[in-house]
Amino acid sequence: MNTFIENALARKPLQLVRRQAHLGDESRYTPVAILSAGGEDTSEDGGGGGYFAAASSAAADEPVRPLAVADTPREAPLRHMSLFDLVAFGVGCTIGSGVFVLAGVAAHSYAGPSSSISYLLAGFVACLSGLPYAELSAAFPLDGSTYSYAYITLGEVFAVLASLCQTLEYGAAGSAVARSWGNKFVDWVREGHSQNEGGNPLPKGLDKFLDPGHGINPMAAVIAAICTLLLLWGVKESKLATNIVSSVKVILISFMIVAGMLLSSGIFGNSEDTPASFSNWKPFVPPEFGPNGIVDGASILFFAYLGFDCICNLSGEAKNPVRDVPRAVIYTLIIDGVIYLLAALALTAMLPFEQISPVSGFPRAFGANGWIWAEKLTAIGEIVVLPLVVLTSIQSQTRLLFAMSKDKIVPSFFGKLSFSKTASLCCGKEKEDKIGNLTSNVQFCGFVIILLATFVPFTYLDALISAGALFLFSLTDCCLLTIRYKCPSESFLGNVRDIDDNASIFSVATVRRELSLGRILVLLNLFPFLSGLCFAFIPNDAVKYSLAGVFALLTIAVTVYIDFCCPEISSTRFVLDRDGYGIGRRRFRTPLVPYLPALGIYMNWFMLANVGWQGIVMLIGYLFVGVIMYGTFCSGKSIVNASHESEHRDYKNQNILPGGRLSPPSGNPDLQQALLEGEDWEEIGESKNGQVKDLNGELSEIEASKRSLL
């Protein structure tokens with residue numbers, strides 16, 4: 001049991017993070033010999049190679065010998081995505097049902113014209129987690145998104161939990177969208193045939209093929225298979241398709257917004273039977289909904305923003321991840337917010353909110369105003385652009401499994417690259433793919449998603465997907481707080497030898513010692529969840545609001561404690577800036593920390609508690625089964641824990657100090673293991689001309705303090 005816990009809480013060392021971050025560089029990473037205490041070449045560093053090489057050489061008075069890697073087979077796709085590619089991918093992931101479906105649902109059933117405010121409120125909540133994603137993606141430019149961040153900052157088991165929730169958001173949600181597209185396609189074919197054939201239904205054979213019943217959805221399988229084949233065709237081809245379809249999607253929605261506004265303005269001389277008018281905005285907040293309707297609408301519209309984190313999942317393929325990935329996340333959220341706001345205003349202007357269709361809002365609104373051509377164009381456009389969500393979901397799932405394969409948590413075939421040769425259309429010459437494609441990975445993910453989309457109804461899984469996404473965002477916020485702050489006992493208690501183990505449990509020193517950062521984060525997540533449970537399940541209003549308010553105040557108290565009692569880790573910031581991408585550049589940093597991520601944690605857990613008891617129970621069961629499978633098949637076999645593999649022996653519980661020495665686990669060993677933490681690094685960052693201070697005295701003092709405690 002102790003071994004399992006040790007393996008589960010193991011964190012990925014920063015030198016391994018650096019190496020993995022450079023696997024996709026076009027010029028390849030250049031491993032540099034780092035001299036161990038015994039003088040042997042033991043490890044590689046792809047990120048800050050020049051810096052550490054100088055330190056090693058200065059200390060050992062020996063020339064640094066780069067390792068030959070010219071013939072080493074590539075282990076990751078080349079970095080090939082620009083800022084535009086990343087934004088197009090993010091828009092393709094997020095914008096879809098949020099306009100075509102949820103806009104009508106929110107306006108008709110929740111908030112009326114004030115659904116535009118619901119979109120803004122939901123966008124604000126999304127930004128609370130989006131900004132931490134932006135900072136973490138700049139600090140750790142790897143594939144895997146929250147999985148990678150949790151592995152580095154919290155531990156292996158938290159990374160597994162993150163990967164399980166990401167699989168819900170990518171694979172399961174992609175299958176659900178494929179089923180939704182299949183249903184829309186069948187309805188569109190039936191409606192079109194009925195209009196062209198004078199109301200006659202489809203031939204029985206064709207209708208039976210399109211809708212065989214028993215929950216089987218053949219058209220979902222068709223669109224999932226097409227997306228899989230496009231990804232197998234090549235990385236460049238799928239990227240081009242994503243950029244084109246994303247652009248078409250934005251153009252289509254812009255047309256819907258502009259046409260709706262012009263129609264409502266009366267510029268076309270609307271007749272008395274035309275319902276479109278800006279007067280439909282009055283009252284802007286219908287009394288039957290009130291302010292509560294705005295909040296309830298925001299709770300469902302929040303999921304219209306899901307998918308921005310998929311951008312971070314492609315950090316390993318971005319040309320300039322430290323600069324472009326944070327920008328892409330922020331630009332995507334801004335584009336989504338503006339489009340959703342204007343779409344809600346246009347839709348509620350075209351029809352009174354009572355008449356808006358919750359199934360097909362914009363097409364029916366254009367039809368009700370006599371614009372049949374616009375109705376058909378909007379319906380066809382929805383059929384054309386919605387599959388992009390399926391494509392990006394499959395691609396995101398493959399990159400997650402690729403990141404896990406590099407850590408040896410899943411089989412290595414998920415990380416196997418293939419380089420196909422394609423014939424040029426103009427000259428017929430064969431051209432080799434230089435980027436590399438995860439062919440086996442795509443085939444596996446595509447096959448599984450095809451099966452899920454075809455045979456699994458998602459009627460009861462929507463709550464599970466929503467709960468998993470909210471848990472995932474809270475985990476990301478915790479990752480940010482972990483790299484920003486350290487345990488308060490390190491600041492208040494002084495030297496560990498001065499601690500009195502016999503002190504009262506009520507003493508200030510004891511409380512500060514016991515309140516480690518991990519326990520503080522547990523409280524920061526527990527109080528919001530309890531607040532949400534009280535609000536969702538207690539029938540008495542007085543008790544409900546009182547208890548929810550008490551736990552909200554406790555959340556604020558914990559946040560203030562972190563701000564004033566947990567000092568920020570400037571040394572960690574220095575070390576992260578030496579990753580090879582951050583040299584000479586300022587990484588994006590989330591403002592208002594810890595208050596902004598703490599507010600994000602509160603909102604995420606509060607909404608998770610209001611998902612419903614079915615979603616909560618399913619999420620607990622799903623994560624429990626996942627952890628059991630991890631403990632049975634994966635524990636102790638990852639690249640961090642598998643110490644028996646000699647080629648990776650330097651990545652387990654070791655940190656490289658200047659001069660090539662390996663540091664002992666002094667201070668906070670867990671954080672030091674993952675982030676090379678400690679005041680020594682702060683001294684290095686302040687040293688002039690790259691001179692490194694000798695740390696033998698400090699290490700001897702630490703060893704002496706340890707012996708005195710034994």
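Visitor: What does the chain average in pLDDT?
Guide: This is a predicted model. The chain averages a pLDDT of 78. 75% of the residues score at least 70.

Visitor: Where is the pLDDT below 50?
Guide: Residues 490–508 are one such stretch. Beyond near neighbours in sequence, the model gives this stretch 21 contacts. Over residues 643–696 the pLDDT also stays under 50. There the model has 117 contacts beyond four places in sequence.

Visitor: How should I read those parts?
Guide: Where pLDDT is low, predicted coordinates should not be read in detail.

Visitor: New topic. What span should helix H23 have?
Guide: H23 covers residues 517–537, so 21 residues at 1.5 Å a residue should span 30 Å. Its end C-alpha atoms are 30 Å apart, which agrees.

Visitor: Which residues of H23 are buried?
Guide: Among them are Leu517, Ile520, Leu521, Leu524, Phe527 and Phe529. Asn525, Ser531 and Cys534 are buried too.

Visitor: And what covers them?
Guide: The cover includes helix H20 (462–484) and helix H24 (541–565). Helix H26 (595–609) and helix H27 (613–634) are also part of it.

Visitor: On to rings. How many aromatic pairs are there?
Guide: The count comes to 27 aromatic pairs. One of them is Phe413 with Phe444.

Visitor: Is that pair stacked or edge-to-face, and why?
Guide: The planes of Phe413 and Phe444 stand at 80°, so the pair is edge-to-face. The ring centres are 6.3 Å apart. The pair links distant parts of the chain, 31 residues apart. Phe413 is in the loop between helix H18 (387–406) and strand S3 (421–423). Phe444 is in helix H19.

Visitor: What about Tyr602 and Phe606?
Guide: Tyr602 and Phe606 form a stacked pair, 5.8 Å centre to centre with 25° between the planes. Both lie in helix H26, 4 residues apart, about one turn of the helix. Tyr602 is buried at 14% relative accessibility. Phe606 is buried at 17%.

Visitor: Which rings link into a cluster?
Guide: Tyr133, Phe302, Phe303, Phe308 and Phe473 do, through ring pairs.

Visitor: Last one. Where does the charged end of Lys544 sit?
Guide: The charged end of Lys544 sits over the ring of Phe535, 5.3 Å from its centre. Lys544 also lies over the face of Tyr545, at 5.2 Å from the ring centre.

Note on methods
Residues are numbered from 1 along each chain as its sequence is written. This is a predicted model: local features need pLDDT of at least 70, side-chain atom pairs count only at pLDDT 80 or more; totals for chains, interfaces and linings use all residues. Side-chain values use heavy atoms; hydrogens and water are left out. pLDDT is the predictor's confidence in each residue, from 0 to 100. Contact means heavy atoms within 4.5 Å. Helices (H or I, at least four residues) and strands (E, at least two) are DSSP runs, numbered from the N terminus. The expected span of a helix is 1.5 Å times one less than its number of residues. Buried means under 20% relative accessible area, exposed over 50%, partly exposed in between (1.4 Å probe, protein chains only). Rings of Phe, Tyr and Trp (its six-membered ring) pair if their centres lie within 6.5 Å; planes under 30 degrees apart count as stacked, over 60 as edge-to-face and the rest as tilted. A charge sits over a ring if NZ of Lys or CZ of Arg is within 6 Å of the ring centre and within 35 degrees of the ring normal.
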